[in-house]
Amino acid sequence: MALDKSFIDKTFPSFSFEVDKSKIRELAQALGDDNPIYVDDEAARAAGLPGIVAPPTFPTLFKMWGEGGNRVLIEAMGGDPLRMLHGEEEYEYHGLIRPGDIITGQAKVVSLAEKEGRSGHLDIAVLETEYRNQRAELVVIARSTIVVRG
Amino acid sequence: MTIYYDQINVGDEMPSLTMEPVTETQLVRYSGAAGDFNPIHTVPHLAEAAGLGGVIAHGMLVMGLVGRAITDWVGVAALRQFGVRFVGITRPGQTITVTGRVVEKLEVDGEHCEHRLRCEVTAVDQAGELKIKGSFTAALPLSK
């Protein structure tokens, strides 16, 4: 089933996520990353940072825990989440993400395309989410390319 | 160790990083950390039923491993852009190696001029099978 084209350029309801140290540590540990800048303020400052920061793929938590996941958006557009594949992910970084930050995400559909692949019909959605912190500063823009098999 | 824009050339390699083999426990741990509870990553019989022949790693976990190699080299604050295409499935037992190469040096005018590197990165398993193809841009200081 094709995704509903009327969603192009529409924004979805915003969602929020509060960043805490334990979530940063958990992600770093799950990645096997023992870089102390993710767990130790002193070490982070010694590395020229203001304190503990989040690793580069941390924004994936905003979506997954913040109810703004790709799955939710694809379902809203009439797609079957069980037929979803994550094709691409891109982050554009504008500021550091730190413990205590309250991040608000606002997602929109940038494009919806249809393609006949070798294995049949494909819908390709590009979703873009802007994340701002509690000071309204833009910290990261995430772009996800989601493929839904027909 | 700080790396400097003027000491890096197009064609230079990013230090490669080989991870510990991916484990089932790591997939459980990553699911909890990331909040991604799609059972294809953690529940063997559901992953089988989905036609995957067993649990598979989250694409974002492997992107995270690529991120680890990048931040080991340039740090977190330097990163301006990081994007990947998910090419192949990663399974428990596979060992991911991340490599990268500088493909462009650029000076960007903005509020203040920045010196940036653009690098291409890949993640492969121990058999050389491609998992991720991507690139990142990082702003680096000058040595003087």
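Which residues of α1(B) do A:Glu26, A:Leu27, A:Gln29 and A:Ala30 in α1(A) meet? They meet B:Gln26, B:Arg29, B:Tyr30, B:Gly32, B:Ala33 and B:Ala34, where contact means that C-beta atoms placed from the backbone lie within 7 Å.

This is a predicted model, in which local features need pLDDT of at least 70 and side-chain atom pairs count only at pLDDT 80 or more, while totals for chains, interfaces and linings use all residues. Residues are numbered from 1 along each chain as its sequence is written, and chains are lettered from A and ligands numbered from 1 in the order in which they are written.

Let's look at the helices. The axes of α1(A) and α1(B), residues 24-34 of chain B, come within 9 Å and cross at roughly 155° (axes are lines fitted to C-alpha atoms over the stretch in contact, with angles from 0 to 180 degrees between N-to-C directions). That makes the two helices roughly antiparallel, a label for angles over 145 degrees.

Now the whole contact, which takes 28 residues from chain A and 30 residues from chain B. On the chain A side, β2(A) gives the most, with eight residues. Helices are DSSP runs of H or I with at least four residues, and strands are runs of E with at least two.

| Element of chain A giving two or more residues | Residues |
|---|---|
| α1(A) | 21-30 |
| α3(A) | 59-65 |
| β2(A) | 84-93 |

The strands meet too: β2(A) and β2(B), residues 79-86 of chain B, pair in the antiparallel sense over five bridges, pairing being at least two DSSP bridges. Here A:Glu89 stands opposite B:Val84.

Technical notes
Contact = placed C-beta atoms within 7 Å. Parallel < 35°, antiparallel > 145°, perpendicular 65-115°, else oblique.
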